[in-house]
Each structure stands twice: as C-alpha cells, then as structure tokens.
Amino acid sequence: MLYFSKLRIISVIVFTIIFSYFAFSNFVKFDDKFFSKNINLGLDLQGGSYLLLEIDNRPVITQKLQAKIIELKRYFKEKQITLKNFSLKGDTILFETTDNEIENVKNILNDKESDVNTYYPTYKSHEFDVLEDGNLFSLDYSRYGLVLLKNSSLDQAIEIVRRRVDEVGTNEPNILKRGNDRILVELPGLDDPNRIKSLLGKTANLTFQFISQNNEESFGTEKLSFEDGSRDAIVSKRIILSGDNLVDAKPTMNSQTNETVVSFSLDRVGAKKFGKATSTGVGKQLAIVLDGKIISAPSVREPIIGGSGQISGDFTFQSATDLALLLRSGALPAPLNIIEERTVGPDLGQDSIDAGILSLFIGFLLVILFMIYKYRAFGLIANLALVSNLFLLIGILTLFEATLTLPGIAGIILTVGMAVDANVLIFERIKEETKNEKNPIIAFDAGYTKSRTTILDANITTLIAAFILFFMGSGPVKGFSVTLGVGILTTLFSVYFIARLLTSLYVVKNKDKEQLL
Amino acid sequence: MREISFNKFYRKFNILSLVLIVISLIFLIFKGLNYGVDFKGGTLIELRTTDKTNNISLIRDSFNQMNLGDVSVKKFGNETDFIVKFEKQNSNDPEFIKNIQNKLSSSIGDVDFRRVENVGPKVSSELLKSGIIAISLSLAAMLLYIWIRFEWQFSLGAILAIFHDVIITLGIFSIFSLEINLSIVAAVLTIVGYSMNDTVVIFDRVRENLRKFSDIKIFELTNISINETLSRTIITSVTTLLALLSIYLFGGEILKGFSLAMILGVIFGTYSSIYIANPILVALNVSQRTIVKEEKD
C-alpha cells in the first residue's frame, strides 16, 4: 500500500492542483469563461425570494366542461340524435337520451376514433370516462384527461409567469415546473418581492363589455363592482373584445385630461370587432373589466376604428405601468396562489456568509491544532490532506457550479471534522501493528490494508444519508447534502492518495528511527 | 493504554438509556414537538429594529393588535434582532407583509424585515411528510446496508443504537421546546449516518476479534474491541464536536438549532455505539459460530 510509482505521484499532484485551482477561481477574476467559474450562492446567502405558486385549476375545469356540453349538443344534433336535460353536477356532465339511442351514443363516446371524446393511445384512455345508467349518461374527466388538462394549463401559465418576471427585469430568475400544478420562481437578489407577488397574483383577464341599459339583473347580464368598490353596475355578458386581441399596451399621459392612462393597440381581428361594436354602441357605456372588476366605464362618443384605444381609471404611473405589463404578457389560464414564500434580505445573506466563513475558519483551526497535538508529524500529514481536501471540495463544487447554501457551509465544516476520521483509523491501526512488527514499512502497510474495509463501511453509511437527503430535501437542505456527499468523496481521495503519498515518503525516509508514530 | 472495563457498566447504562428513552417518548407523545413554520405553516419574520429600547413585550403587543392568530416573539442573537412567528399566512395578498411592516413602523419605529418565510398549510404538511419519509428511508437504507455487511445480530444492535440516538435527541428538543424545522431533519439524517459510522467501526473490530479468538466470551470480547478502537472513537468525536461547536458559536443564529441537534447526536451516537450496540451482541450471545456459520453459507 505504500508504494507509489512516479506516474501516480505526478497524477495525484496534477489532479489536486487542478481542482484546488477552481477553489481559488472564486476569488480571482479571469476573462476566460472556463477559468473564471464561480460557486453559486443560494438564495439564503445572496438574498432573494423563493416563491412557490399553485394553479387553481377549478375555473379551467368548469370552463372546459361548459364548452364540452356545447360541443356535445352540437355534435349529436348533427348526427340527429336527441340528447336532453344537459346539466353539470360538480365536475360531472349529465344528459339523457331516448331508449333506442342508448347503444348508439355509447358507441360514439367509447369509440377509439371518437371526435367528441378523444382517445389517447399512449395512455390507453379517453379524455372522459363514460358511465350510463339506463338512458342517463354521465361523463367525468378520466385520470389522464385531467393530467393533460393540468399540464397544458401549467405550460401556458409558466410561459405567462416567465414573461411577467422578465418584464420586471430581475437578474437571472429561475422558473421551474413542480409536479403538474405548481411553478417555482426563484428571484436572486430581489429585496422586495411585493411587486412581483402582486403581478403574479393577477390573472389579468381583460374584457370589454357594454353596460346594460336595464338596472335589473336579467338573463345575459351580470352584476359587477367597480375596482375601487364604490358602486356596482349591470353589465352585458356578451364580450366585445378580450385581452387576447391586444398586441401592445403601454402607460402614457393623456394630454387633454393630464392623467396617466394605459394605451393599447389591437390586432386586425380585434380592431374589426372593436370598430363594429363601437359604431353600433355610440352613446352606450363600455365597461373595461379586469378579473371581474370594472376598471372604468367610459361612454362611447364615436366609433373607434383605428385599432387602438386608452384605458383610464385613476392610475398612478406605477399602477398604469403594471397594468400595461400584465396586458402585454397576457392572461393566465387560471388564478395562481402563492403557497410558499421565503425571502432573505441581502444584508442577512452577507451576515450568514461572514458567520459561515468565520466558523469554518475556527473549526478548521481547532481540528488542525488538535491533530498536531495528537500525532505530531503525522498530524501535519493529516492536516495537509485536510487542507487539500477542503480545496478539492470547494474546487469541485465550483467546477460543477453547485449551489452553496448556509447549511451547505455547515456541511463543509462538518466534513472538516469528520474527514480526519479515516486518517485517525489508519494511524491507530498502524500504532497497533507496530507493537508486533519491528519493520515500520510492513507495519504501515498493514495498517493501511487492515483499516480499509472499516473506512469504506463508515463512509458509505454517511454517503447513504447524504443521498437520501439530496433526493428528499429541498432548497438549502439540499445544499447540505451536496457538500456532505462530495465531501466524503474528496475525503477518501485526500486520505488514500495525498496522505498516503506523504506518509510513504516520510516513512521511507525515516525508517530507521524508533517509534515513528 | 490501560484497559477500561466498559462491560462492567453495560447493565447500569442500559437502564439509564431505557429511562432516557421512556422520558423522551413520554414527552414526544404528550408534549409533542415544537414545529416551526416549515412543518406547521404560518409566517416567520426576522426583524431588526432601529430603536434599541424595543423589547419583546412591546413587539408582541404591536403584533397582537393585528389579528394574526397566535404570535410568538423571541430574541434572535443581537439586541435589536427578533424572530416573530404567527399562525396566519396570507401570501396571496401581496400587501400582507407590507401592511404589517407599515403598521409596525408606526408603532415601534423603523423596522427592517431581514427574512420572511410564509408557508401555506398544504406545503407544510407535505414538507412534514417528506421529512418523515426521508428519515424512515435512511433508517431502512442503513438497515439494508448493515444487513448485507454483517450478521443480523449486528444489524439489530446498530439499528437499536440509531433509534436510541434519534429518540433521545428529539426528546431533548421536545423537553426544551426547541424548534423543529427542515434543517433539523437534515441534522437527524446526519446523526443517523454518524451513529452508524461509529457503530460499524467497533463492530468491524468485534468481528475481526471473533475470528481471531475462539475462547473469549463475547462479554469480554466486546470490551477488548471497544478498548482497541477507543482512541479513534474519542479523537473522531472530538474533532467532529470541535467543528460543530464552531458552527454553534460562530455560525450565526440560523444554524444554532441544526448544530445543537448534531452535537447531541454525536454525543449520544458515540455513547450508544459503546453502550447500546455492544450489550445487544452480548444479549444475543454472539460467538465465533455466529460469523463462521454465516460465512459458510
């Protein structure tokens, strides 16, 4: 175990230097990208916000079911099959048919080529599960139908979230899917997440609807309240125009009234619709509705045919900017709820870094002094291994641009404390072996060989804990598992290559001395 | 080195451990754990006041006026730093935190929110579930590993030692109402790894000695093995404790709970690999036949 070939010695040195180099690259600036890698600091160290959003898919499901009812009615009417008594009970579509059509309807709905109940060969499932009881049919979303629906609404939502976050212009946001109804948003360096939270919390469903002439609610109208909560208005349910037709929106100053407004421009289809509606509706009040609340309801004085317009409504410049941003980025398919938020201010992050480095330094010093006190020359060897272990660990984390968190720093310090274990096991074993063996080279060799399985066993157990933590843990805790796990690997390398190399050089040189260890 | 008769005290320390475990379990069952916002849901705010005359009761009063449910206020390191926790979490209202800050500023002067954590009930129950799964999974993985590497008597000893460490550590957290959060789960997992590590080192030696000596009874043999590995056990615990102590004292308030749990775990882990793991080998009457039979298979 003590013999090292020249080639081996050189490769150990080269390997150590390369990885240690990356540890230093954190502190030195280089122009070249490859050589100036930096360790990523977690949100708890650099400050920033972590938001977990959950899509509330209920409105989407209800909407889709209502659309499905209309589709079913139309489809079966074309086939001249009478269906009646359509209703929506919870998330179930119910309808009846005549007795002699039961088989026919059943076949259409369960057909693999069905036009109204799509079949997904990959999942071996229809979009809807069909149940019938006599002439009463009930349709429910199948498991996969629901999964597909959720996935598509998540895909849309994540796109909108990305646009909104990008528009605000924070540095390097991280936006990821979580499961099939969650979005994780990480915003490093963001001190005040309130603006982003309010932007993400809005669905931004914009519609233009006429205010009804009647003052009572009736079929085809709905009662909506104004944004400021001052009053209500009865509004026609017919949507003249929705936010989908918007191509641009920006905050501007209305030169006549001297107030801040949001100017928008429409696409061709939207401009046509808008022009038609406003020419027939001169004199009527047009309500501008955002997420079920009326922002303002100006009277139409003349037809608006140019495809552009303005939204007024007591805006400050900030609120007009935000509304314009929301309209530009488009509406979310469903409301998003923030179910978890963690924000760390930048000064706390810096304090954590300082405390982490201080405790690393002190812990390191204490361990080093203790090892020299215990083992003298061999303590020095173990310490050299420990130093290079630390460099290797930080170097590898840097090379792979791993994320360093506060618990991650704790993991490094813990590695420092536990890393000496392997060398201690070896040294203690050597001490035992020298009792019976006079030749130090043989004794040292036996010490290394006989302690090997124990060291592997001991490190594998910690590695198992680190692995499980990596897969189960989240955020900062994951950072801990990474440093702990990588720390074990670098420990084994530093013990079996660096410390062993130094030991062998030392023992061969001093083999005639009494009591080496 | 002079040999210490650890085996003389097997019985006494086993009784002590049993008492500690029973006390811990009583507290865990009847008092329960003090879950932080990670696992209970709610809001945590770490704040720094500019006015040095602010104290806990003043801050608590200001928060109590805001209808936020159960409020707890604690000092956090510095004179001017406090941790406030309350039940209500309303992260969907973007103004929620801002409003609190405004109200607070008007009643106790300028405050800086250094950290805000807001965890909904769904997320907290999921985090708790995955924490429990992670700990159970690691115990199962350890069991599997040691079962492959050793005979079942050894596995039983090692696993009981781990349970001993985890239960007593959590028991101490329950007795002193120390907060359980995500980093404590990480600490418990590391304790599991460390305790196992420590036990494995002694067990490796026991097994080696079992092969070497056929005429020494297990009662004596465990004592020999403990003594042979003793200096390693002490040195490693000392260096690990030095590192942990450094985190505890200088690593900042956030790591206090984590490092305390680890320190307790290392102390009990070291103790249990001597006084729980080995007596079990004695109780199961492990002999040379135990390992020779296994190896023939």
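Chain B of this predicted model contains 11 helices and 6 strands, where helices (H or I, at least four residues) and strands (E, at least two) are DSSP runs numbered from the N terminus. The radius of gyration of chain B is 24 Å, well over the 19 Å that the globule rule gives for 297 residues, so chain B is more spread out than a compact globule. Here the radius of gyration is taken over C-alpha atoms, and the globule rule is 2.2 Å times the number of residues to the power 0.38. The C-alpha trace of chain B spans about 80 × 40 × 30 Å along its principal axes. Of the 297 residues in chain B, 50% are buried; a residue is buried if 20 or more other C-beta atoms, placed from the backbone, lie within 10 Å of its own. Among contacts in chain B between residues at least 6 apart in sequence, 77% join residues at least 24 apart, two residues being in contact if their C-beta atoms, placed from the backbone, lie within 7 Å.

Residues are numbered from 1 along each chain as its sequence is written, and chains are lettered from A and ligands numbered from 1 in the order in which they are written. Because the model is predicted, local features need pLDDT of at least 70 and side-chain atom pairs count only at pLDDT 80 or more, whereas totals for chains, interfaces and linings use all residues.

The two chains meet through 57 residues of chain B, which are in contact with 58 residues of chain A. On the side of chain B that touches chain A, at least two residues each come from α4 (96–108), β5 (111–119), α5 (121–149), α7, α8 (218–250) and α9 (256–275). Helix α8(B) gives the most to this side, with 14 residues. By class, the side of chain B that touches chain A has 29 nonpolar, 18 polar and 10 charged residues; Ala, Val, Leu, Ile, Met, Phe, Trp, Tyr, Cys and Pro count as nonpolar, Asp, Glu, Lys and Arg as charged, and the others, Gly among them, as polar.

Strand β20 (residues 336–344) of chain A runs antiparallel to β5(B), to which 5 bridges join it, and Val344(A) is opposite Arg115(B). On the chain B side, strand β2 (residues 42–49) is joined to β5(B) by 8 bridges, also in the antiparallel sense, with Val119(B) as the bridge partner of Gly42(B).

Within chain B, helix α6 (residues 152–175) packs with helix α7 (residues 182–212) at an angle of about 145°, their axes lying 9 Å apart. Residues of α6(B) in this contact include Phe154(B), Ala158(B) and Ile162(B), while those of α7(B) include Val188(B), Ile191(B) and Phe203(B). The contact of α6(B) with α7(B) comprises 10 nonpolar, 3 polar and 1 charged residues.

Chain A holds an open sheet of 6 strands in the order β13-β12-β18-β17-β11-β14, with mixed pairing. Its edge strands, β13 (232–236) and β14 (241–242) of chain A, each pair on one side only. Strand β12 (residues 221–226) of chain A runs antiparallel to β13(A) and is joined to β13(A) by 5 bridges, with Leu224(A) opposite Ala233(A). These two strands, β12(A) and β13(A), form a hairpin with 5 residues between them, and Gly229(A) in the turn has a positive phi of about 75°.

Key. A residue is buried if 20 or more other C-beta atoms lie within 10 Å of its own, exposed if 12 or fewer, and partly exposed in between; C-beta atoms are placed from the backbone. Two strands pair if DSSP finds at least two bridges between them. Axes are lines fitted to C-alpha atoms, for helices over the stretch in contact, and angles run from 0 to 180 degrees between N-to-C directions.
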